[in-house]
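Hello,

Here is the structure I promised to pass on to you. Please have a look at it first, and then read my notes below.

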Amino acid sequence: MNNRKKIKEAAYTIIFMVVMTVVCVGAVSVIYQHSKGRIDLNQEMFVRKAVLLAAGIMPEKADAAKISEIFQAEVTEVGKGKEKYYKVNNGNYVFPVTGTGLWGKIDAVVGLDKGLKTITGISFTDNNETPGLGARITEPWFCDQFKNKKGPMAFVPEGTKNEADNEFDQITGATITSRAVKDMVNEVLKNAPERITGGDK
């Protein structure tokens with residue numbers, strides 16, 4: 001008798017768990033489908049803002065409508081996939097680039113002047129680096145130090161006056177992340193002419 005009772009209780013528990021799982025998964029799916037459009041729009045806006053920052057034409061204060069207005073008026077998207085880049089009306093370019101940090105993929109956009117030699121800016125669109133360490137690559141001080149620099153890039157210890165045209169301060173305790181950023185920027189500087197030629201075909 002006790003065995004039957006235990007089996008019945010176990011069956012009820014399993015059925016309850018299955019029902020609750022189905023309900024929860026269904027609810028999450030409905031919420032995701034309902035909000036997917038907004039999520040995609042926010043992601044697109046985030047990328048547009050990053051491109052404007054890298055191009056050096058992002059105003060200090062701008063809402064979503066202003067960002068879209070500037071992007072549509074000043075930026076042209078060229079190519080697709082790995083060949084994609086952005087051409088700015090002032091002659092500059094912005095290139096998406098992906099690297100590998102300590103914990104995974106790092107996505108960024110790097111802006112170059114019309115001669116493809118001088119960096120106009122860098123902005124990070126995705127990373128999985130450690131908060132307070134590698135994730136500091138998104139901080140303004142880190143991104144701002146790349147403006148007007150020329151490659152090939154090298155890093156110096158954080159707090160050093162990186163006065164050389166090709167130096168930036170690494171993040172203390174995040175050497176792997178800093179090296180990934182250096183490699184990403186150098187990749188853009190090296191391959192930009194070929195990407196433009198390929199994207200214009």
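Before we come to the strands, one definition: two strands count as paired if DSSP finds at least two bridges between them. Please also keep in mind that this is a predicted model.

With that in hand, let's begin with S1 and S2. These two pair over 4 bridges, in the antiparallel sense. Within the pair, Val-78 sits opposite Tyr-85 in S2. S1 and S2 make up a hairpin that has 6 residues between them, and Gly-79 in the turn shows a positive phi of about 75°.

How many strands form the open sheet, and in what order do they come? There are 5, in the order S1-S2-S3-S4-S5, with antiparallel pairing. Strand S1 (75–78) and strand S5 (119–126) each have a single partner strand, so these edge strands are left with one side that has no neighbour in the sheet. On average, neighbouring strands of this sheet are turned by 25° against each other, direction ignored. Helix H2 (residues 64–74) packs on the sheet, where it touches S1 and strand S2 (85–88). The direction of H2 makes about 65° with that of S1.

Further along the sheet, strand S3 (residues 93–100) runs antiparallel to strand S4 (residues 105–112), and 8 bridges join them. Here you can find Val-94 opposite Gly-111 in S4.

Finally, a word on the aromatic rings. The structure holds 10 aromatic pairs. One aromatic cluster is formed by Phe-124, Trp-141, Phe-142, Phe-146, Phe-155 and Phe-168.

Enjoy exploring, and write back with any questions.

Best wishes

Methods. Residues numbered from 1 in each chain as written. Predicted model: local features only at pLDDT ≥ 70, side-chain atom pairs only at ≥ 80, totals over all residues. Heavy atoms only, no water. Axes fitted to C-alpha atoms, helices over the stretch in contact; angles between N-to-C directions. Contact = heavy atoms within 4.5 Å. Phe/Tyr/Trp six-rings, centres within 6.5 Å; stacked < 30°, edge-to-face > 60°.
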